[in-house]
Amino acid sequence: MKVLEAKELAIGYRDRKVVEGVNFKAFKGQFICLLGPNGSGKSTLLRCLAGLLAPQKGAVYLKGQSLYHFLAKDLAKHMAVVLTERVSVELLRVFDLVAMGRYPYTGIWGRLKEEDNKKVWEALNLVHAQDLAFRYFGELSDGEKQKVLLARALAQDPELIILDEPTTHLDVRHRLEVTSILRHLSGEKGITIIASLHDLDLALKTCELAILVKNGKILAWGPPEEILTENIIAELYDIKDACFNEYLGSLELKARGHPEIYVFGGGGRAATLYRILAKRGFGILTGVIHENDIDYYIARAIGATIISERPFEEISLEAFKKASKLLERVSWVVDAGYPVGLLNRRNLELLRQAVARGKEVYTLRSQKEAFNLYGNLAQGFIYCSNWKNLIDYFCKPQERPRQEAWAEVNQASPCASVGRGRVIPKADREEAGHAPV
Ligand SMILES: Nc1ncnc2c1ncn2[C@@H]1O[C@H](COP(=O)(O)OP(=O)(O)OP(=O)(O)O)[C@@H](O)[C@H]1O
């Protein structure tokens, strides 16, 4: 069932146009979000859809009737609006504030009947705010206030709720709580929700339809899974230093810094490391990873240079050669401790090449595992117990163990039973709070 429709809408203030060419339909129980940069016109559009701002052109229809034919009280029975403007009801108790949502149903004195009281409690229950009922609104946190304003909207018993940035200023818990309440209202209660959001991740996870507003126009609209692509997000927000990964729903900083580090990843072992290296300004080269691997998605999102292989295929000679060439560019190589199987065994050979070419190899594997995989070659590795350890050595080269120190350590090392391995000197490790290798 069609609840709201915007036809050829042009909106703005006085003779200034903010957005034009707006056409869309909202159906029963749909959760629609407006996304766009600051100042693109999301709030203006919401105000117009709520009947608070007359359009410069076109019209808005509520259940097939022009919005402007509704009396305010009748409109409030169909539609509730939660805007970001500060609500000056600080001295009101929560119950009384939510009860104000019943005004379309009460008489001129606003006296609440049994049914109204029931609806107010129901609304408070729906947003999990019963325990706030007798607190003053002004005393509440932003997250609690948002829930109470939502309860007031629900008390109107509307078919449609329009919200301006309902999750802004909320911490992670409240953001998730408010979002899951909204999803429940649309999914279970069949209430249509139209909200402006700044959170792409939430838009992907909660909305059925996204409308992207940019430069006075609708840049795109459709299911977020289809339209929120890397390119469209870069265009929408003019992003150059980060990438949106549509599969993971996350924005990642691009890893195009210096010096460059080659990371052997796979099986999700390198995902955290990629992000941390990118955050610290290193350039990342990585491979050979399979194109269905979580590491591949993260590496792509951060704009790393990747040598990849098709899913479930053995690393081809072609990919091997490309990776081998790429390895020439770096001085530092990291073995992220990826699982080795039949399909990616060629990575072992690549790492051998790196050692032969005199690259410094850092590994997150245990010495035992490294010796099992690489044999005597593992003598030349630098063992790091975790990624923090590793990053410390990249960011503070003066703390890196020197060649001579490694030789000394190897002779008197607690790892002497293994008999070899360029381990981080024990004294250094303890000083830096590192776990024993
Ligand atoms: N009352 C007003 N009178 C005149 N211009 C206004 C008014 N309110 C907003 N604008 C202008 O309209 C444009 C769109 O503003 P709007 O608040 O709709 O954007 P927005 O996408 O909601 O931004 P944000 O994400 O920052 O909240 C801006 O250029 C803004 O300066």
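User: At what angle do helix α5 and helix α6 pack?
Analyst: About 15 degrees, in this predicted model. Helix α5 covers residues 142–155 and helix α6 covers residues 172–187. Their axes are 10 Å apart.

User: So what does that make α5 relative to α6, parallel or antiparallel?
Analyst: Roughly parallel, because angles under 35 degrees count that way.

User: Which hand is the crossing of α5 and α6?
Analyst: The α5 and α6 crossing is right-handed.

User: Which residues make the contact?
Analyst: From α5, they are G143, E144, Q146, K147, L150 and L154. From α6, they are H174, E177, V178, I181, L182 and L185.

User: How do those residues of α5 and α6 divide, nonpolar, polar or charged?
Analyst: Six are nonpolar, three are polar and three are charged.

User: What about helix α4 and α5, at what angle do they pack?
Analyst: About 140 degrees, with axes 8 Å apart. Helix α4 runs over residues 114–126. The pair is therefore oblique. The crossing of α4 and α5 is right-handed.

User: Which residues of α4 and α5 make that contact?
Analyst: A123, L124 and L126 come from α4. A151, L154 and A155 come from α5. By class, the contact has six nonpolar residues, with no polar and no charged ones.

User: New topic. Where is T286 found?
Analyst: T286 is in strand β14, which spans residues 283–290.

User: Is T286 buried or exposed?
Analyst: Buried. Its relative accessibility is 0%, so T286 falls under the 20% cut-off.

User: What does the side chain of T286 reach at 2.7 Å?
Analyst: The backbone oxygen of V263. The T286 side chain also makes a polar contact with the side chain of Y274, at 2.8 Å.

User: Which residues is T286 in contact with, leaving aside neighbours within four places in sequence?
Analyst: Y262, V263, G265, Y274, A299, T305, I306 and I307.

User: Y274 again. Which residues of helix α10 are buried?
Analyst: Helix α10 takes in residues 271–279. Y274 is one of its buried residues, along with A271, L273, I276, L277 and A278.

User: What covers the buried residues of α10?
Analyst: The cover includes strands β12 (250–253), β13 (260–264), β14 and β16 (332–335). It also includes helices α11 (294–301) and α15 (387–395).

User: And what follows α10?
Analyst: G281 does. Its phi is positive, near 90 degrees.

User: You mentioned α15. What caps its N-terminal end?
Analyst: N386 caps α15. A side-chain oxygen of N386 lies 3.0 Å from the backbone nitrogen of K388.

User: Which residues in α15 are buried?
Analyst: N389, L390, I391, Y393 and F394.

User: Buried or exposed, I194?
Analyst: I194 is buried, because its relative accessible area is 0% and the cut-off is under 20%.

User: Which residues does I194 touch, not counting those up to four places away in sequence?
Analyst: The list is L4, F24, A26, I32, L46, L49, L160, I161, I162 and L163.

User: What separates I194 and R16?
Analyst: Their C-alpha atoms are separated by 24 Å. Along the chain, I194 and R16 are 178 residues apart.

How values were computed:
Residues are numbered from 1 along each chain as its sequence is written. This is a predicted model: local features need pLDDT of at least 70, side-chain atom pairs count only at pLDDT 80 or more; totals for chains, interfaces and linings use all residues. Side-chain values use heavy atoms; hydrogens and water are left out. Axes are lines fitted to C-alpha atoms, for helices over the stretch in contact, and angles run from 0 to 180 degrees between N-to-C directions. Helices (H or I, at least four residues) and strands (E, at least two) are DSSP runs, numbered from the N terminus. Angles under 35 degrees count as roughly parallel, over 145 as roughly antiparallel, 65 to 115 as roughly perpendicular and the rest as oblique. A crossing is left-handed if the near helix is turned anticlockwise from the far one by less than a right angle, and right-handed if clockwise. Contact means heavy atoms within 4.5 Å. Ala, Val, Leu, Ile, Met, Phe, Trp, Tyr, Cys and Pro count as nonpolar, Asp, Glu, Lys and Arg as charged, and the others, Gly among them, as polar. Buried means under 20% relative accessible area, exposed over 50%, partly exposed in between (1.4 Å probe, protein chains only). A polar contact is a pair of N or O atoms within 3.5 Å; within protein, one must be able to donate a hydrogen and the other to accept it, and residues adjacent in sequence count only if both atoms are side-chain atoms.
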